Amino acid sequence: MGSPWTLFDPYLLLFSLVLVAVFGVAAFFLEHMRRIGCKHSLERTASSDDFFEDPNSLKKVRCPSIFDQAEKYISLIIPAFNEEHRLPGAFAETINYLQKRSASDKSFSFEVLIVDDGSSDRTSNVAFDFVRKYKIENVRVLILGRNHGKGEAIRKGMLHSRGELLLMLDADGATKITDLEKLECQICTLAEKVKELNPDDQSLKLSDIEVAAFGSRAHLEKQALATRKWYRNLLMKGFHLVVLLTAGPGICDTQCGFKMFTRTAARRLFTNMRLKRWCFDVELVYLCKHLSIPMMEVSVNWSEIPGSKVRLTSIIHMLFELILIRLGYGLGIWKIHT
């Protein structure tokens, strides 16, 4: 009797193992996407029990909904994860700008939402100090309890904002806050054109018009290529290629954390968004295209701030999420609600 190995063709065995591995990975992806879709459906239908804490009155303030009418002109959403050291400087610059503009323009009302994404440091304490100083009418803190990811923190902030315009920005202050006027100007210009096309609808407000403006660092790319390590440039080029294959052309810099939406656009986008971490920005571009929401790219001033949380594992996670976008929407597992 011969050896057991002679009973099997080694190439057939290898092919079988590869086939099992491929089907195993495919099953994992499909099940993961299915679970995300089921959870997303539940979140869309469940009533929110989120609330803001007022450290001055020690009372709980009900979170507003993106489906409510706007109460402020602009909402600024700042996701924060272990940002006790970088948040104060960025917040001081932001609040100073907002207060000066509000003083010179009485129609300019604002709120700042700091979303603490499960920080393990004193981020929430620092944020609540801002609420004590500037009052809960202008500054609010939403605590998620555990770390979900930047995308989920922004989504939560957007869904509980009161502005006609909603701006997401990073806690490190890498983008100049005054650049929000560039995005605002583009949105208002497009809104006026839409109003001109609908002269019979006098009730049309800025918050009713769907449009998004994305801050961009694309104009700084040459300088960045010259200063970054070669392997970082290689990784970045590869990432941009995968993003292009996933979301298509149109936006050169999807990852800039400075994006503005009208209230109606934010409602449609963030009630559909599923990704919770790195590539939610790419998903937003994808959703804008499929929901026919006009988007524009606006160059902004940006500077490198020490303390970046992007690691090699983050790159791997990004690629995983890009595959999820392509398969989730491409296979129809993730439904887009219009």
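Predicted model: local features only at pLDDT ≥ 70, side-chain atom pairs only at ≥ 80, totals over all residues.
Of the 338 residues in the chain, 44% count as buried. The chain contains 10 helices and nine strands.

**Overall fold and core**

- Take the contacts between residues at least 6 apart in sequence: 83% of them join residues at least 24 apart.
- The largest nonpolar core has 84 residues. Those with the most contacts inside this core are Ile74, Ile114, Met158, Phe261, Leu269 and Phe270.
- Helix H9 (residues 280-290) gives this core its largest share, which amounts to seven residues.
- As background, nonpolar side chains tend to be buried together in soluble globular proteins.

**Strand E6 and its partners**

- Strand E6 covers residues 163-168, and five of its six residues are buried, so the strand is largely enclosed by the rest of the structure.
- One partner of E6 is strand E3 (residues 72-80), and the two pair in the parallel sense over five bridges. Here Lys72 stands opposite Gly163 of E6.
- Another partner is strand E8 (residues 259-262), which runs antiparallel to E6 and is joined to it by four bridges. Here Leu167 stands opposite Met260 of E8.

- Ser216 is found in strand E7, which spans residues 212-216.
- Is Ser216 buried or exposed? Its relative accessibility is 4%, and because buried means under 20%, Ser216 counts as buried.
- Leaving aside residues up to four places away in sequence, Ser216 touches Asp253, Cys256, Glu297, Val298, Ser299 and Val300.

**Aromatic pairs around Phe91**

- The structure holds eight aromatic pairs. One of them is formed by Phe91 and Phe130, which are stacked at 3.9 Å centre to centre with 5 degrees between the planes.
- Why does this pair tie together separate parts of the sequence? Phe91 lies in helix H2 (residues 87-104) and Phe130 in helix H3 (residues 123-134), so the pair links parts that are 39 residues apart in sequence.
- Phe91 is buried, with a relative accessible area of 1%, and Phe130 also counts as buried, at 12% relative accessibility.
- Phe91 forms an aromatic pair with Tyr134 as well; this one is tilted, at 5.8 Å centre to centre and 55 degrees between the planes.
- Tyr134 lies in helix H3 and Phe91 in helix H2, so this pair ties together parts that are 43 residues apart in sequence. Both Phe91 and Tyr134 are buried.

**Other aromatic features**

- Tyr73, Phe108 and Phe110 form one aromatic cluster.
- Which ring does the charged end of Arg217 sit over? The charged end of Arg217 sits over the ring of Trp302, at 5.2 Å from the ring centre.
- The charged end of Lys259 sits over the ring of Phe214, at 5.6 Å from the ring centre.

How values were computed:
Residues numbered from 1 in each chain as written. Heavy atoms only, no water. Core = buried A, V, L, I, M, F, W, Y, C linked by side-chain atoms within 4.5 Å. Buried < 20%, exposed > 50% of the residue type's maximum accessible area, 1.4 Å probe, protein only. Contact = heavy atoms within 4.5 Å. Pairing = 2+ DSSP bridges. Phe/Tyr/Trp six-rings, centres within 6.5 Å; stacked < 30°, edge-to-face > 60°. Lys NZ or Arg CZ within 6 Å of the ring centre and 35° of its normal.
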